[in-house]
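Reader: I am new to this structure and would be grateful for a close look at a single part of it. Please set out the terms as they are needed.

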Amino acid sequence: MLYQGGYLTIKDFRNPFFTLGVPNEEVRLDLNSLLLQYAAKDPATHTLTEALVEDLA
C-alpha cells in the first residue's frame, strides 16, 4: 500500500529480494513522524521509541 501510494520506491532488485527507499526528504520525515507516534502510544515501547529517535535523526 505504501508503494502504491508513492511513499516507498524500489531502489534495488536482486531476485528474490528488493531494497525499498523513500522518494524524497518530505516523505522520509512524514514516515518517521508516523512511526514515532505509533511507537509512543505503548509505554512498553519507550526504549524502542528512544532507539528510533536516535536512528532516524
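Author: Buried means under 20% relative accessible area, exposed means over 50%, and partly exposed lies in between (1.4 Å probe, protein chains only). At 29% relative accessibility, Arg28 therefore counts as partly exposed. The model is predicted, with local features requiring pLDDT of at least 70 and side-chain atom pairs pLDDT 80 or more, while totals for chains, interfaces and linings use all residues. Residues are numbered from 1 along each chain as its sequence is written, and side-chain values use heavy atoms, leaving out hydrogens and water.

Arg28 belongs to helix α1 (residues 25-40); helices (H or I, at least four residues) and strands (E, at least two) are DSSP runs, numbered from the N terminus. Between Arg28 and Leu8 the C-alpha distance is 9.2 Å, although they are 20 residues apart in sequence.

The strands come next. A hairpin of 2 residues leads from β1 to β2. The two strands run antiparallel, and 5 bridges join β1 to β2 (residues 17-21); two strands pair if DSSP finds at least two bridges between them. Asp12 faces Thr19, which is in β2.

Leu20 is also in strand β2, and its 44% relative accessibility is why Leu20 counts as partly exposed.
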